[in-house]
Amino acid sequence: MIRKIGILTSGGDAPGMNAAIRSVTRVALNNGIEVVGVRDGYSGLLEKKFEPLTRTSVSDSLSRGGTLLGSARLPEFKEESVQNECMDHMREAGIDALVVIGGDGSYRGAMAMTKKGINCIGLPGTIDNDIPGTDFTIGFDTALQTCVECVDKLRDTSSSHHRCSIVEVMGNHCGDLALYTAISCGAEMVITPETGYDEVEVLERLRYLGEAVHKNHAIVIISEKITDVDMLAKKVSQNTGFSGRATVLGHIQRGGSPTPTDRMLASRMGEKAVDLLIEGIGGQCVGIIDNQITSMPIDEALNRPRTSRKPLYRLFDRLV
């Protein structure tokens with residue numbers, strides 16, 4: 001029988017994490033289960049940063065971005081001795097089960113703890129949408145809205161000055177944020193890990209848009225870590241009829257009040273996590289597939305191929 005559930009957020013923060021914390025807390029309390037917040041991710045387990053969560057603790061958190069529990073990375077958590085120490089601290093605090101909100105690294109920590117005897121459930125919290133086992137992650141929709149708002153504003157000034165705006169968005173080797181932004185904003189080009197990057201082809205395409213199509217501006221959306229966007233913008237100015245300008249949206253994509261979509265997703269996932277723990281199930285992660293809240297073993301999810309975006313890339317190609 002579960003008497004006390006712990007909850008932590010790990011890795012990069014994502015809008016909607018607070019909604020998930022609120023959901024886990026409220027659902028657990030309504031089932032007569034105590035809830036303990038663990039501050040600063042897995043390092044909080046190691047340093048015993050525990051605090052009881054009540055209905056009041058999570059009041060007014062639904063609309064707040066970031067994470068009220070704080071987040072941190074703990075590379076040492078991979079070491080078994082560190083895991084054992086964290087297990088001891090949880091048992092001392094009477095924590096019977098744990099909900100972990102974060103990315104694939106956070107999932108692996110949850111799986112390790114489950115194998116050692118404390119059931120853990122993982123919730124996908126990242127703006128990158130790069131976690132297998134779910135169509136969408138908590139925070140992705142809000143980050144997408146931020147990107148779209150920024151690109152829409154850049155388009156206004158680009159069209160006034162015959163510019164090509166090259167906009168770098170986050171993604172961490174996953175092109176979803178760039179792809180969804182490009183479709184939503186009517187971008188002329190999208191460059192992601194899935195499309196690959198050919199600089200000559202990019203410049204030729206922009207030359208064609210300026211000289212043959214006579215476009216007075218262009219928007220290029222590119223995923224981070226692919227190329228130096230400032231250098232690319234200079235080459236655009238030198239080799240096409242456009243004046244190249246680079247904009248790196250950076251960590252502004254992580255902030256802001258979560259969208260209703262992210263609030264709903266986080267609330268539904270939090271409920272599912274508590275239900276699984278009540279059933280005595282651990283070592284699983286929660287996802288949404290075909291708009292249905294699902295769960296599967298973490299190791300299965302991590303080895304599962306991500307949902308193909310080929311139909312969306314085809315749609316983008318047919319829209320430009």
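**A parallel sheet and its salt bridges**

In this predicted model, strand β7 and strand β8 (residues 218-223) run parallel and are joined by three bridges. Helices (H or I, at least four residues) and strands (E, at least two) are DSSP runs, numbered from the N terminus. One of the bridges between these strands pairs Val-190 with Ile-221 of β8. Two strands are said to pair if DSSP finds at least two bridges between them.

Residues are numbered from 1 along each chain as its sequence is written, and side-chain values use heavy atoms, with hydrogens and water left out. Because the model is predicted, local features need pLDDT of at least 70 and side-chain atom pairs count only at pLDDT 80 or more, whereas totals for chains, interfaces and linings use all residues.

The two strands belong to an open sheet of four strands, arranged in the order β7-β8-β6-β9 with parallel pairing. Its edge strands, β7 (189-191) and β9 (243-248), each pair on one side only. On average, neighbouring strands of the sheet are turned by 20 degrees against each other, direction ignored. Axes are lines fitted to C-alpha atoms, for helices over the stretch in contact, and angles run from 0 to 180 degrees between N-to-C directions. Helix α7 (residues 199-211) lies across β6 (163-169), β7 and β8, and runs at about 170 degrees to β7. Contact here means heavy atoms within 4.5 Å.

The whole structure contains 11 salt bridges, each defined as a side-chain nitrogen of Lys or Arg within 4 Å of a carboxyl oxygen of Asp or Glu. One of them joins Glu-188 to Lys-215, with the closest N and O atoms 3.4 Å apart. Glu-188 is buried, with a relative accessible area of 9%, while Lys-215 is partly exposed at 25%. Buried denotes under 20% relative accessible area, exposed over 50%, and partly exposed the range in between (1.4 Å probe, protein chains only).

A further salt bridge connects Arg-309 and Asp-176, whose closest N and O atoms are 2.9 Å apart. This pair links distant parts of the chain, 133 residues apart: Arg-309 is in the loop between α10 (298-302) and α11 (310-319), and Asp-176 is in helix α6 (residues 176-185). Both Arg-309 and Asp-176 are buried.
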